[in-house]
Amino acid sequence: MNRRRFLTLTGSTLAMLGGGPAFAQRIRIDPTEFRPIPIAISNFVPGSPADGDVSNGVTQVITNNLKRSGLFAPIDQAAFIERISNIDVAPQFQNWKTLNAQALVTGRMTRQQDGRLKAEFRLWDVITGQQLTGQQYFTSPEYWRRIAHIISDQIYEQMTGEKGYFDSRVVFVDETGPKERRVKRLAMMDQDGANVRYLTRGSDLVLTPRFSPNSQEITYMEFGQGDPKVYLFNIETGQREIVGNFPGMTFAPRFSPDGQRVIMSLQQGGNSNLFVMDLRSRSTTRLTDTPAIDTSPSYSPDGTRICFESDRGGRSQIYVMSAGGGAAQRISFSKDDTNATYSTPVWSPRGDYIAFTRQGGGQFSIGVMKPDGSGERLLTSGYHNEGPTFSPNGRVLMFFRDPGGAGGPSLFSVDISGRNELKVPTPGFASDPAWSPLLSSTPG
């Protein structure tokens, strides 16, 4: 999809009904006592009989997004007392209070004479009877799902005070075929599993895809002829290029927050060290120089620090250092298992946590810790969990789980509180997920 074409849509605020904006009770996330907020999502009204399918589709996507977030409990429409037929008239709030709804979503989808689709929605605070927000958008009809994701993000932000994450993509490794002859292709999909698109043919093995900050490029590792190499792939053009023609194997690539550099690991003999390449000048800088394996680097959101995994102390652990190199500080110290190892660190977009894979006691756990190593929490454990990636707002982690045996890996998501673990739908086996930034906030 050409995002520039999509973003020729115009978004504007709908006139406020019910006396102007109010401040909703923000959702406070308490892992021990939290209850999802009851919300009523009325069927979007079709502007004409021909708009019925798209109206129902948008309603369903919004409902699924909010439900899967774990923060909202959409009320069954069969219980609705009032049927919304005109979104420009304030609803009868007592009808919604009776259902214990704290918020109400209404909307309308209308095909315009020029062929564009007009989407309108309003979010109501049922308790106060105030409209919290209202927007209208115009876009091409084929992008109706993205409109539903953008509306979902608006609702999420109004109710939680945090940016949403629904208008985003996930790149992953699609796996098909028997275990001993597994075909691995780069694939991309919406965060809810829709609109799957295959980016490579599967003739060569691909691993660790990562989005650029503008979501238009992916960097990944490919086992082709000879040593594995790091590549750049342009999503819109389908063109790819190698990142530095280094002797030996390069792997574990990731973009800097400004998108101007790629950091990666370069194998030299039995060791591997971290290097960064400036994508404009193609100059490379060595960041580590140790007789160890340094890999899986990830930048802090402000670009000033890097977390990475290294076995320089004997076992794989997580270290943090300046983005320019220098002394590194170990931050992973298991209190209950001194033999535990830590790998695949990734910095949250909010900067508040580093997620990781921890192996110990026959278990693979996905967890988070603060950048100084404090506050470690394991969110999910089992065999075999690996490869966490943060949603654009830092609220949710996606990872892959491989149960072993004749089966294959699947994608899962979990809230950073450890709640709401869900399987993410994919066409087949899937591994190595990486979440994009929020599409609607990336520069055009």
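The lining of the second largest cavity divides into 4 nonpolar, 2 polar and 2 charged residues. The model is a predicted one. A search of the whole structure turns up 3 cavities of 30 Å³ or more. Two of them are described here.

**Second largest cavity.** Its volume is about 40 Å³. The lining residues are Arg210, Arg254, Val346, Gly387, Pro388, Thr389, Pro433 and Ala434. Two elements give two or more residues to this lining: strand S27 (385–390) and strand S31 (429–435). S27 supplies the largest share, 3 residues. Arg210 and Arg254 belong to the lining, and Arg counts as charged.

**Largest cavity.** This cavity holds about 120 Å³ of space. Asn65, Arg68, Ser69, Tyr165, Phe166, Gln191, Val396, Met398, Ser413, Leu422, Val424 and Trp435 line the largest cavity. Helix H2 (52–69), strand S28 (396–401) and strand S30 (422–424) each give two or more residues to that lining. H2 has the largest share, with 3 residues. By class, the lining of the largest cavity divides into 7 nonpolar, 4 polar and 1 charged. Arg68 is one of its lining residues.

| Cavity | Volume | Lining by class | Largest share of lining |
|---|---|---|---|
| Largest cavity | about 120 Å³ | 7 nonpolar, 4 polar, 1 charged | H2, 3 residues |
| Second largest cavity | about 40 Å³ | 4 nonpolar, 2 polar, 2 charged | S27, 3 residues |

Methods. Residues numbered from 1 in each chain as written. Predicted model: local features only at pLDDT ≥ 70, side-chain atom pairs only at ≥ 80, totals over all residues. Heavy atoms only, no water. 1 Å grid on protein atoms, 1.4 Å probe; cavity = no way out; pocket = protein on both sides within 12 Å on 5 of 7 lines; lining within 4 Å. Points joined across faces, edges and corners; volume = space filled by probe spheres on them.
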